[in-house]
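Student: I have a model open and a list of labels for its parts. Before I use the labels, I would like to know what each one rests on.

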Amino acid sequence: MADKQRNTYSVVISWVKIVLPLVAVLLLSSIFLLSRRIDPEGAIPYAEDDIIQMIREQRLSKPDYQGKTRDGGVLSVSAEAARPSGDGTDEGTADDVVARLTRPDGTIIDLVSDFGDLSNTKLITFTGQVQMNTSDGYEITSDKVISSMEKTDVVSPGPITGTGPFGRIDAGNMHMTIPEGQDEMITVFENGVHLIYSRTDDKSEEQN
């Protein structure tokens, strides 16, 4: 009985020694054949086109800027792509712009827009659909917002709509800034202000 088991074991081992190398060869062959189907030449023209376009446009992909404002804030600005104006100035344009200003007191202002223009006067103009959120409860939508890169000063020269700590608000323009000699940021709404004031008891009161 023991001899029969040993013979069966020997036969199995012999087949394993033959089958496993064959399986390995087949797997390696499959990998080699599949790799030959990838056409590396097909991907190169797209990469070359992108590079040529970037050179022609002098485009910078995914730029990221970080700095400090004069009043102690930390400003970070990033974009999907940026391009200089081409007229020899420091001006330029950007797509899909995201900016964050963090004040020394912890207040945060986030700005997201479709487009951005950088002025050599250290201003960023956000255009397209502009969304501004602040950590103290403001959620504002506008089609144009201008922000200083040197201090806390954010202006929407045109109509805004959104919500604040007090309720829903619509106005002809908005200005967030820190007055001279003060430390706290104030927000001023002007030009046809329409406010729906939300009280803590869930009742609303409309004001003009």
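Tutor: We go through the labels in turn, from the whole chain to single residues and then to the spaces between them.

Student: What kind of model is this, and how many helices and strands are there in the protein?

Tutor: The model is predicted. There are 2 helices and 15 strands in the protein. Of its 208 residues, 26% count as buried. Among contacts between residues at least 6 apart in sequence, 31% join residues at least 24 apart.

Student: Why is T134 called buried?

Tutor: The relative accessible area of T134 is 9%, and buried means under 20%. The value falls under the cut-off, so T134 is called buried. T134 lies in strand β7. Leaving aside neighbours within four places in sequence, T134 is in contact with I108, I109 and M176.

Student: Why is G106 called partly exposed rather than buried or exposed?

Tutor: G106 has a relative accessibility of 42%. Buried would need under 20% and exposed over 50%; 42% lies in between, so G106 counts as partly exposed. G106 is found in the loop between β5 and β6. The C-alpha atoms of G106 and G73 are separated by 9.2 Å, although the two residues are 33 apart along the chain.

Student: How do you know that β2 and β3 pair?

Tutor: Pairing needs at least two bridges, and 5 bridges join β2 (residues 64–68) to β3. The count meets the requirement, so the two strands pair. They run antiparallel, and D64 stands opposite S78 in β3. The two strands form a hairpin with 5 residues between them, and G72 in the turn has a positive phi of about 90°.

Student: What joins β3 to β5?

Tutor: Here too there are 5 bridges, and β3 and β5 run antiparallel. L75 has L101 in β5 as its bridge partner.

Student: What makes a set of residues the largest nonpolar core, and which members touch the most others?

Tutor: Members must be buried residues of the nonpolar kinds counted for a core, joined through side-chain atoms within 4.5 Å. The largest such core has 28 residues, and F126, M132, M176 and F189 touch the most other members. The elements giving two or more residues to this core are β3, β5, β6, β7, β8, β11 and β12. In soluble globular proteins, nonpolar side chains tend to be buried together.

Student: What is M176 in contact with, apart from its neighbours within four places in sequence?

Tutor: The contacts of M176 include I109, M132, T134, Y138, V154, M185 and I186.

Student: What makes a space a cavity rather than a pocket?

Tutor: In a cavity a 1.4 Å probe fits but cannot get out, whereas a pocket is open. There is 1 cavity of 30 Å³ or more. About 80 Å³ of space lies in the largest cavity. It is lined by 13 residues, of which L75, A99, L101, L111 and S147 lie nearest its centre. β3, β5, β6, β7 and β8 each supply at least two residues of this lining, and β5 gives the most, with 3 residues. The lining divides into 10 nonpolar, 2 polar and 1 charged.

Student: Which residues line the second largest pocket, and how do they divide?

Tutor: The second largest pocket has a volume of about 170 Å³. Its lining includes R70, D71, K151, T152, D153, P179 and E180. The lining residues divide into 2 nonpolar, 4 polar and 5 charged. Asp, Glu, Lys and Arg count as charged, so R70, D71, K151, D153 and E180 are the charged ones here.

Conventions. Residues numbered from 1 in each chain as written. Predicted model: local features only at pLDDT ≥ 70, side-chain atom pairs only at ≥ 80, totals over all residues. Heavy atoms only, no water. 1 Å grid on protein atoms, 1.4 Å probe; cavity = no way out; pocket = protein on both sides within 12 Å on 5 of 7 lines; lining within 4 Å. Points joined across faces, edges and corners; volume = space filled by probe spheres on them. Buried < 20%, exposed > 50% of the residue type's maximum accessible area, 1.4 Å probe, protein only. Helix = DSSP H or I, 4+ residues; strand = E, 2+ residues; numbered from the N terminus. Contact = heavy atoms within 4.5 Å.
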